[in-house]
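Here are a few notes to go with the model. Have a look at it, then read the points below alongside.

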Amino acid sequence: MTEQSLPRPETRKRRLPQINPVYVLVVALILAIIVMNPAFGEPTGYMNFLKRVAALAILSAGALYVIVSGGFDLSVGSIMTLTVIGSSMLASNDPNSTYWIIPLMLGIGLVIGLVNGLVVSYLKVPSLIATLGMMITLNGVAFMWSGGAPRGYLPDTFRFFGRYNITDVPLIGILPIAVICLVVFGAILSWGMHRTNFGRMLHAVGDNPQAARLAGVPVQRVRISAFIVSALTAVLAGIILGGRAGVSVNIGSGFELQAITAAVIGGAQLLGGRGSVPAAIAGALALEAIFTLLNLLGLAQPVRLVVQGLILIGAVAFATYQRKRSGR
Amino acid sequence: MTEMSQPRAPRRFRFERHASTLLLLAAIALYVILLLALGQARFLTLDNLVAILGRSITLGITAIGQTFAILVASIDLSVASVISAAAVVTSVMMNGDPAMMVPAIGAVLALGAAIGLVNGLVITKLEVNPLIATLGMSLIIQGVLSYYYNNFAGNVPVEFQIFAYGAWGIVPYSLLFMFALAGLAWFVLRFTRFGSDIYSVGGNKDAARLAGIKTARVVIGAHVICSLCAAIAGIYLASRLRSGAPWIGAEGVYDLESIAVVVIGGTVLAGGRGGIWGTMAGVIIFSLIDSIFNVAGVDAFVKQVLRGIIIVAAVAFYAARSQRPVA
């Protein structure tokens, strides 16, 4: 399933070690940004960039779990909205509330993921429809909870994860907490996907659910777990995004498609069986780098949409072309 | 499809085939009971029924096209952007001049067909997953459109508003048009070679290819029809709103709603099974649900929550019995 597990001596000989094109893309984009804006090469420049991308990167790593298992999760954006709105409503400006709000939000995320997974596995509703329904429902819940206009704001203890920077770090100057979160959760998700039995079963289920079932993989449980991971990362991403950007009613909208885009740019195969967490995070970096670059070029929001669309199609077309050429 | 060709098969009740009818009957029953319970039987008139149906014409026309895309095991997320683009182009080209009505409609239909063609080519020739291909297309159209326009642009002549507001007796022309279009789609799917090819390709692409069907052409054809229907829906919306704006498609969430309606109507997302009348039942169910909420005076946000739950529950209602794994 993964490139590592199938050594192919004949292709090894002819070509350089295979490297996922997304890494090349990220490096090229970042070089282009530095050329256009040398301040980006300074620690404050790239650390702020990483801080901005942290929420999307964590989210795409989580979304990849569902994609690899062969489904889609369209509900993650609404989970982020719900997390931000719910936290601001519950916090009521009390700094100590953060310590119970975050576990509570993770609990809510767990339940949402569980429901998504149960509906897909046992009610056999296609994940596209199931998570779409969840998205509509959760957006409604977030509106209901806030009464249409969110009141209150997030206390600083809550915004710590998204906003705070550790200053005076040797070598790099500043180190945002969001970047630490990105590294830690990226490592955990990467370990879960590529170093555990669960990750292997996830790939097997996405590749061929029938074969996986016959091989003794608990298909239903694996798929449900994938949705739970995805929902939990959405809560984490919501906490970081809320910390960075503050409260607004549609803060998470659009993130579900951006997360899928990032995973796809990272070479994940839709409908399952192939994907890598570091590459999905790199995909998120690439997406954000493109947006930064377009901003530097002074191009308006509409152009961003066009470029995002072209890249989305181009990345998948390129991946398909490569796969066909290597005969797999 | 093959019930007739297996004479020995016992005629048992095929739940999946009748699920959308059952759901429709349940929705109607709920609506009637609610009206009677609330003592608002005055709403139980033919006029009101027509009014309910008239509210979902854009969704209905779009969903007819989406049925074709989903039947060939594809999907089209670009319909909302196509609707916006079609509406804007219609109103900008007409700009109040009745003489421009025919050229504008022709141009919009050509635009729709071209978009569908590109979608189909990207999906079949570049082998891009249809979800991604049409999502990318949607972003591109939306970007181009909002680059040039950021508000209502142009206006349609009064003569053209007849499409949305004219009526034959109590039945609006647009409603007749939608059912005529559904009838045409049914005819194509049921009685033409292209129609049966669509079911074959959606059911099993490899088998269809081995049987000599040019699968790529069928998929492209389905996408052209899908985008054409979306373009027609945009034309209708321009006529109804008297002008077009670049956000009207996205605002109506026609991409996801049309998919939801098709799936509730019993067409399988994996392709190859389903039909137009199921989709029409799905459209009517959707507008009935809206009416039920309105009559019951449900809060707007609660309405949204219930809507999400109903979409999932309606699909679960018959999908839960399926033995196949779902994506």
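1. Start with a helix pair in chain B: α13(B) packs against helix α14 (residues 276-296) at about 115°, and their axes are 7 Å apart. Axes here are lines fitted to C-alpha atoms, for helices over the stretch in contact, with angles running from 0 to 180 degrees between N-to-C directions. Helices themselves are DSSP runs of H or I, at least four residues, numbered from the N terminus.

2. Who meets whom? B:Val261, B:Val262 and B:Ile264 come from α13(B), while α14(B) brings B:Thr279, B:Gly282, B:Val283, B:Ile285 and B:Phe286. Contact means C-beta atoms, placed from the backbone, within 7 Å.

3. Between the chains, 40 residues of chain A touch 39 of chain B. On the chain B side, α6(B) supplies the largest share, 13 residues. By class, that side has 29 nonpolar, eight polar and two charged residues.

4. Over in chain A, A:Leu287 sits in helix α13 (residues 277-296). A:Leu287 is buried because 27 C-beta neighbours lie inside 10 Å (the cut-off is 20 or more). Beyond four places in sequence, A:Leu287 contacts A:Gln258, A:Thr261, A:Ala262 and A:Ile265.

5. Housekeeping: the model is predicted, local features need pLDDT of at least 70, side-chain atom pairs need 80 or more, and totals for chains, interfaces and linings use all residues. Residues are numbered from 1 along each chain as its sequence is written, and chains are lettered from A and ligands numbered from 1 in the order written.

Methods
Helix = DSSP H or I, 4+ residues; strand = E, 2+ residues; numbered from the N terminus. Buried ≥ 20, exposed ≤ 12 C-beta atoms within 10 Å, placed from the backbone. Contact = placed C-beta atoms within 7 Å. Nonpolar A, V, L, I, M, F, W, Y, C, P; charged D, E, K, R; others polar.
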